[in-house]
Amino acid sequence: MKIAIAADHGGLNLKNKIKEYLKANGYGISDFGTDSAESCDYPDFALPAAEAVASGECDRGIIICSTGIGVSIVANKVPGVRCAHCHDSYCAEFTRRHNDANVLAMGEKVVGEGYALEIVDVFLRTEFEGGRHQRRVDKITAVEKKYSK
């Protein structure tokens with residue numbers, strides 16, 4: 001599985017820890033930045049990561065800022081992306097099982113490093129259940145198509 005990863009300056013440290021974890025567990029990685037602690041704008045990094053997931057270049061994405069909120073808003077503007085802002089493993093599990101979320105957003109100042117790695121692990125290991133949930137995901141896709149004209 002290939003993972004798109006990105007962060008602004010507020011998520012840089014957690015992004016680097018997650019990258020180490022992904023490499024150690026055999027995941028492919030496309031890093032969309034930032035690589036600097038200097039102040040920068042989160043849309044510049046979250047957008048290309050989300051686009052890589054939407055295009056199929058990457059299977060899933062992980063995006064990080066201070067809270068996870070800004071990057072999730074940006075990612076959810078990209079057709080084909082279902083980004084979930086998660087701060088616990090329960091939400092990470094159920095957004096995969098029920099929403100087929102393909103991008104995970106987290107906040108470095110909200111989630112500790114150890115728990116963040118658990119959230120990532122759950123998000124990447126959990127499969128979509130389909131069934132009645134597919135009908136709901138299809139409705140999300142229909143809303144997206146309606147407004148992306």
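**Close-up views of a predicted model**

View 1. As a general point, strands of a sheet pair through backbone hydrogen bonds, in either a parallel or an antiparallel way.

View 2. Strand 3 (residues 60–65) pairs with strand 5 (residues 103–107) in the parallel sense, over 5 bridges. For I62, the bridge partner in strand 5 is L104.

**View 3. Helix 2 and its buried side.** Helix 2 (residues 43–55) has 13 residues. From its first C-alpha to its last, helix 2 reaches 18 Å, close to the 18 Å expected at 1.5 Å a residue. Its buried residues are F45, A46, A49, A50, A52 and V53. These residues lie on the same side of helix 2 because they cover an arc of only 155° around the axis. An α-helix has 3.6 residues a turn, so residues three or four places apart point the same way. The cover over the buried residues of helix 2 includes strand 1, strand 3, helix 3 (69–75) and strand 5. After helix 2 comes G56, with a positive phi near 90°.

**View 4. S89 in helix 4.** S89 is found in helix 4 (residues 89–99). S89 counts as buried because its relative accessibility is 15%, under the 20% cut-off. Leaving out residues up to four places away in sequence, S89 touches Y115, E118, I119 and V122.

View 5. The structure holds 0 disulfides. A disulfide needs two cysteine sulfur atoms within 2.5 Å. The cysteine sulfur closest to that of C58 is in C83, 14 Å away, so the two are too far apart for a bond. For the sulfur of C83, the closest cysteine sulfur is in C86, at 8.2 Å, which is also too far for a bond. C58 counts as buried, with 2% relative accessibility, and C83 counts as buried at 11%.

Notes. Residues are numbered from 1 along each chain as its sequence is written. This is a predicted model: local features need pLDDT of at least 70, side-chain atom pairs count only at pLDDT 80 or more; totals for chains, interfaces and linings use all residues. Side-chain values use heavy atoms; hydrogens and water are left out. Buried means under 20% relative accessible area, exposed over 50%, partly exposed in between (1.4 Å probe, protein chains only). Helices (H or I, at least four residues) and strands (E, at least two) are DSSP runs, numbered from the N terminus. Contact means heavy atoms within 4.5 Å. Two strands pair if DSSP finds at least two bridges between them. The expected span of a helix is 1.5 Å times one less than its number of residues. The arc is that of the directions from the helix axis to the C-beta atoms.
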